[in-house]
Amino acid sequence: MADKENILNLDLYKKFKSKDAPDTFHHVSFKTMNYDRMVDFYEKLFGCKPMYKSKEITFMTFDEEHHRIAIANTEPVFDNLGFLPRIIMKFKNWINRAVPNLVGLDHISYRLNPIDQWFDFYFRAKKQGLEPYWTINHGWISGIYYKDPDNNLVEVFFEHFSSADEFKQNISPDFEDEPIGTNMDVEKLYEMFKSGTPFLELIQKGNTVPEGKKPVSGLEAVTNMRKKYKD
């Protein structure tokens with residue numbers, strides 16, 4: 001199969017809306033056999049409150065909507081399976097935990113601007129015992145990724161650019177050269193922020209890598225999410 005040319009259409013940002021676009025993205029829904037842990041995780045991460053909660057399902061929200069996250073308890077379904085389906089399901093769940101998934105949903109993502117609120121979110125989550133699984137500067141956004149009890153990744157990011165013109169002027173060619181990003185250290189970035197480092201320096205890739213070390217970027221960052229830098 002011949003390689004397809006890359007597409008980079010910066011004019012879409014803040015200017016495009018499909019005629020078939022919904023009003024907004026509303027909620028995510030999970031099926032889980034870690035029901036209590038999953039509910040607890042999202043209550044802590046986003047300060048969610050349950051609109052409805054039972055042993056079978058929880059609908060919870062973090063704002064004025066009736067629900068933003070739904071979590072269904074599938075453990076009773078598993079308990080009612082026959083012997084062979086139970087063995088197959090146990091093996092499938094083990095595979096999902098042990099082997100990286102190359103197909104399917106990678107993560108869900110939430111925007112939180114400006115940068116000071118993003119830092120506040122990080123430290124509130126940390127006080128709740130929630131540590132990031134991955135922290136990366138993507139070049140246009142900087143994201144903190146959390147892993148829930150079922151190994152789903154949840155990103156909370158702040159945007160680097162405040163206007164379409166600013167976006168178009170700054171994202172290329174950096175985005176075309178390396179669109180994934182560079183691993184970073186949020187607490188080092190926070191120290192820079194508190195010391196008065198200009199915003200344009202705060203959003204530079206590799207700015208939290210110690211002198212003499214090399215950044216972890218691109219696909220290497222994806223496969224080494226916990227590694228902040230290398231020798």
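**Exercise 1.** Does isoleucine 88 count as buried, partly exposed or exposed, and what is its relative accessibility?

*Solution.* Keep in mind that this is a predicted model. Start with the location: isoleucine 88 lies in helix H3, which spans residues 83-98. Next, take the relative accessibility, 51%. The cut-off for exposed is over 50%, so at 51% isoleucine 88 counts as exposed. Finally, see what it belongs to: Phe83, Leu84, Ile87 and Ile88 make a nonpolar surface patch of about 460 Å².

**Exercise 2.** Work out where glutamate 159 sits, whether it is buried or exposed, and which side chain it joins in a polar contact.

*Solution.* First, find it in strand E8, residues 153-159. Then check the accessibility: buried means under 20%, so glutamate 159, at 19%, counts as buried. Now for the partner: the side chains of glutamate 159 and tyrosine 13 are joined by a polar contact of 3.4 Å. Skip the neighbours within four places in sequence, and the contacts of glutamate 159 are Tyr13, Arg111, Asn113, Trp140, Ile141 and Phe199.

**Exercise 3.** Follow the contact from glutamate 159 to Trp140, and describe the surroundings of tryptophan 140.

*Solution.* Begin with the loop between strand E6 (134-137) and strand E7 (141-147), where tryptophan 140 has its place. Its relative accessibility is 34%, so tryptophan 140 counts as partly exposed. Now list what it touches, leaving out residues up to four places away in sequence: Glu159, His160, Phe161, Phe167, Ile171 and Phe175.

Technical notes: Residues are numbered from 1 along each chain as its sequence is written. This is a predicted model: local features need pLDDT of at least 70, side-chain atom pairs count only at pLDDT 80 or more; totals for chains, interfaces and linings use all residues. Side-chain values use heavy atoms; hydrogens and water are left out. Helices (H or I, at least four residues) and strands (E, at least two) are DSSP runs, numbered from the N terminus. Buried means under 20% relative accessible area, exposed over 50%, partly exposed in between (1.4 Å probe, protein chains only). A polar contact is a pair of N or O atoms within 3.5 Å; within protein, one must be able to donate a hydrogen and the other to accept it, and residues adjacent in sequence count only if both atoms are side-chain atoms. Contact means heavy atoms within 4.5 Å. Patches are made of residues with over 30% relative accessible area and no salt bridge: like charges are joined within 9 Å, nonpolar side chains (Val, Leu, Ile, Met, Phe, Trp, Tyr) within 5 Å. Accessible areas come from the Shrake-Rupley method with a 1.4 Å probe; for residues, only the protein chains shown count as cover. A salt bridge is a side-chain nitrogen of Lys or Arg within 4 Å of a carboxyl oxygen of Asp or Glu.
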